Structures are given as structure tokens and as C-alpha cells.
Amino acid sequence: MEKEEPLLKTMSDGSMEREMAPEKSPLELLRERKSSIEEIISRMLSIKNQGLPKSENRELLTQMFLNFINLRQANRAILMEEERVRRETESSKSPMDLTSLQLHNLTYEKSHYLKATRSSREFKSKYPNIDLISEQDFFRDAPEAIKSQTLSNDASHDLMLKRLNFELHQRKEVCKLRAELEQRKNCLLEANSERAKFLSSLPLHLKSLKKASLPVQNQLSLPNPKKLKYHDLAELLPPPLYVVYSKFMAQKEAFEENIDIEVSGSLKDAQSYARQQAEQNQESSDDDGKRQRKRLKKESSDEAGLYRVHPLKLVLHIYDDETPDPKSHKLEFEYLLKLNVVCVGIEESQDGPEKNILCNLFPDDAGLEPPHQSTKLILGDDHAFDESRTSRPYKWAQHLAGIEVLPEMSLFVTGKNNTQNSDTASVSDHYSVQTVLRRIRAQKKG
């Protein structure tokens, strides 16, 4: 604290004299000057109230002004003291903040170490129950370099470390084997890609080879592969279509008829249908007759499947005798499973069924009337066949398929005899393959 400056004092003769005051704190000095000012003011008030001469007020005013100066001096000393204390506080606060920061850092580090220690203690390891090979297998299969080394003074821990090293050794060996297998796999993939390229080009070579071998096959009278394929498919045909196929093939081979016949359709669906029929036949053999009749009646009443067609069809190519035309009319023979009839239509025909060459190929045979009585019973009271279908059940087609169509009434009952015209005789007696082919060619020329 600074030393207090000397105060001014008024003497009895009016002169001013400096008086060295004892060292006091600015606060005490401030209180003394305050009390001194209050005394002066009270004396001035008493002089005014008593009516004394005002000459004494001058001296009191002088003392008051001196006290005001001392007040300012004390105030300045207080402010300087405050500034000094503030500087000391600032200088003392900086080390304290640094120490506090270090304390917080140490506390955080301590909590981190405690948390890590707690998590390490709570960690559930598989040791010593690690899934390794048994000790017997280790002593039997491990190499001597691993078994002879010493890794720890503790026998059990040393054995565990050796087993882990042996596990690492095995994994490295497996990785080497995997690398070798990957290399072998890449070699095989390259070889397979080369073979795939060869196989992709093989059909062209086979096609050219097949084309080049045709003269040799013709010279040796070998069967045509396409014909063999149709023979394999024909085994899956329903019996009526198979009869038609066999008749036309016999006609072609016996009389060298200028026709071709092929089997078309889905082989997979035909095989599936054949398996289904075999299973149904086995079931029907186990059931009694009444149950079988009920099932047949239920199936016949299902109108949605009346015109269900067998997956395989026959396509008959009929050429002219003079100039064979590959684009001649193609007849399609299909078999309706529910109605048990064979329908015939012309493939890619622009004319309707009423205007093509098959309509009325034989007299009174437009293909709209069901060929036999069972079909009429299935179709219902109107006995109407679907006119929107391009293929129709002609009577001559049923005869070719081996489905016998008997008249509903005897000729003696109806009054008809054998003296009718030749067309009627041909309809009843001459539905042969030759007659059908001859009439189709005649209709085509006409």
C-alpha cells in the first residue's frame, strides 16, 4: 500500500501548514473526511441558525474544500488499491486455472483407465475352452519343430501356445492348398471355355457333315433321321392318330405316294399326359365300376374341357402327282380327348371351314354333325359342334383313325337299299387312304 500524502492544516494565524498524518488505509481516511465534512456542515448550520457573523463560514468553507481534496485523494488511493488487487487476482487465477485443467484431464484419464480395466475384467474369453484339435491329435500330427519349442514356463500355457501355433500352421497349409486349387480351377475354366467354343461351332460342322453324307445315305438306303424322330414321337400319339399315321406311312412306302407326314407338338406335354393316363388307368383298375362311371360322368359334364386337344398332332403334306409343291395344302389331324373324335383342318388356310376343300369331301359330310352317338350325348341336346373351330370331325377321318361309325338305324328300317348312287356307296364303303388322297387332289385342281 502506498504511503499517505501529508494533509493540509489551517493555523490560528490563517496560514496553511502541512501535517504528516499517520499511515492509514484509504477506507479509514475516507470515513474520517466524511465525518469531518459532516461536522463542518453542522457548524455552518448552527452559525446560520444562531445568527453569528458569516466571517467564520469562510474558514469552514476552506476546511471543507480541503476535506473534498482529501476525499478525492482517498478515492484515488482506493481505485489504485482495487486495480492492484485485481492484478494480483488475475496473476493468481492463471496458475489456478492451469491446475484445474490438469486436474480435469487427470480425472478423465483416470475414468478412461477405470472403464478399460472394468471392460477387460468383464470380457468373456473362450480361453481355455478354445475350439482346437485334441491334445492326442496334436501330439500325433504336430511337427517336431512345434512340439520341441518352449514358449512359456507354465506347462499348461505352453501346451496351449503350441496348439495355437499348430492351428496356425494348419491354416497356412490350407491357404496354400486353396491357392493351388484356385490355380487349377482357372486352368480348368480356360480349358472349358475353349471346349465351349468348339462345341458352339460343332453344330455347323455337323450340319455340313450331315449334308455331305446325304448321298451316301440315299445310296445305302439308310433311314432318314427326321423320319426316325417322327417314329419316336409317334409312340406317344393317341391310338386313333397312330392308326392314321401308320396308314399314311404304309401308303407312302407301299405305293410311293407323293406325301409326307410328320408329328408336331410338345414332347414334354405328351410325356406328361401319358404318365397321367397311366396313373388314372391304375386308379380305375382299383376302383369299382360305379365309382368309375361317376367320375366319367363328372368329366363329361365339364364343358370347359370338351374340346381339349392332345398335345401331339399329325401334319400331312399332299403334293400334286405332276409337279410337287412344297407349299401345297397341309392337313392337320388332331384328337379331341373328351369327345373321342379326330378332327381335320387345313393349316394356314385363308378360307373358312365351309369353303375349304375338306368341306363335303364326301357327300353330306360338312363336319358339323357329331360322328357317333356318344359324342352327341356329351355335347348335349342340341348336338352342335363348335362351328368356330377350323378343324372338324369328318366321318372319313374317323374311319381312317379306326373309329367305327355305325348308322343309328338299320338300312332295312330306313328303307334304303344298295341301289343308291355311286357317291353314297363311296361314302359308306370306300373311306380308304387312296380314295381320300384322290378326292383331295381332285378338289384342289377343281
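Because the model is predicted, local features are reported only at pLDDT of at least 70 and side-chain atom pairs only at pLDDT 80 or more, while totals for chains, interfaces and linings use all residues. Residues are numbered from 1 along each chain as its sequence is written, and side-chain values use heavy atoms, with hydrogens and water left out.

The protein chain holds 14 helices and 6 strands; these are DSSP runs numbered from the N terminus, with helices being H or I of at least four residues and strands E of at least two. Of its 446 residues, 24% count as buried, where buried means under 20% relative accessible area, exposed over 50% and partly exposed in between, with a 1.4 Å probe and protein chains only. Among contacts between residues at least 6 apart in sequence, 65% join residues at least 24 apart, a contact being heavy atoms within 4.5 Å.

Four strands form an open, antiparallel sheet in the order β3-β4-β5-β6, with two strands taken as paired if DSSP finds at least two bridges between them. The edges are β3 (259–265) and β6 (341–346), each of which has a single partner strand, so one side of each is left without a neighbour in the sheet. From one strand to the next the twist averages 25 degrees; axes are lines fitted to C-alpha atoms, for helices over the stretch in contact, and angles run from 0 to 180 degrees between N-to-C directions.

Going across the sheet, β3 is joined to β4 by 7 bridges, and D260 stands opposite H317 in β4. The next pair, β4 and β5, is joined by 4 bridges, with L316 opposite L331 in β5. Between β5 (residues 330–336) and β6 there are 6 bridges; here E332 stands opposite G345, and L336 has V341 as its bridge partner. In β4, 6 of the 7 residues are buried. In β6, 6 of the 6 residues are buried, so this strand is largely enclosed by the rest of the structure, even though it stands at an edge of the sheet. In a regular strand the side chains alternate between the two faces of the sheet. Both faces of β6 are covered, with V341, C343 and G345 buried on one side and V342, V344 and I346 on the other.

Helix α7 (residues 239–255) lies across β3, β4 (312–318), β5 and β6, running at about 155 degrees to β3. Helix α14 (residues 433–445) also packs on the sheet, where it touches β3, β4 and β5 and makes about 60 degrees with the direction of β4. The 13 residues of α14 reach 18 Å from first C-alpha to last, close to the 18 Å expected at 1.5 Å a residue, the expected span being 1.5 Å times one less than the number of residues. Its buried residues are V433, T435, V436, L437, I440 and R441, and they pack against α7, β3, β4, β5 and α11 (395–400).

Helix α2 (residues 55–122) has 68 residues that should span 100 Å, and its end C-alpha atoms are 98 Å apart, which agrees. Its buried residues are N57, L60, M64, L66, N67, N70, L71 and A74.

The structure holds 1 cavity of 30 Å³ or more. On a 1 Å grid over the protein atoms alone, a cavity is a set of points where a 1.4 Å probe fits but cannot get out, and lining residues have an atom within 4 Å of a point. Grid points are joined across faces, edges and corners, and a volume is the space filled by probe spheres set on the points. The largest cavity has a volume of about 40 Å³ and is lined by I318, D320, H329, I440, R441 and K444. Helix α14 gives the most to this lining, with 3 residues.

Most residues other than glycine have a negative phi. N340, however, has a positive phi of about 60 degrees and is found in the β5–β6 hairpin, which has 4 residues between the strands. N340 is partly exposed, at 33% relative accessible area. D364 likewise has a positive phi near 60 degrees, in the loop between β6 and α10 (373–379), and counts as exposed at 72% relative accessibility.

Key: 1 Å grid on protein atoms, 1.4 Å probe; cavity = no way out; pocket = protein on both sides within 12 Å on 5 of 7 lines; lining within 4 Å.
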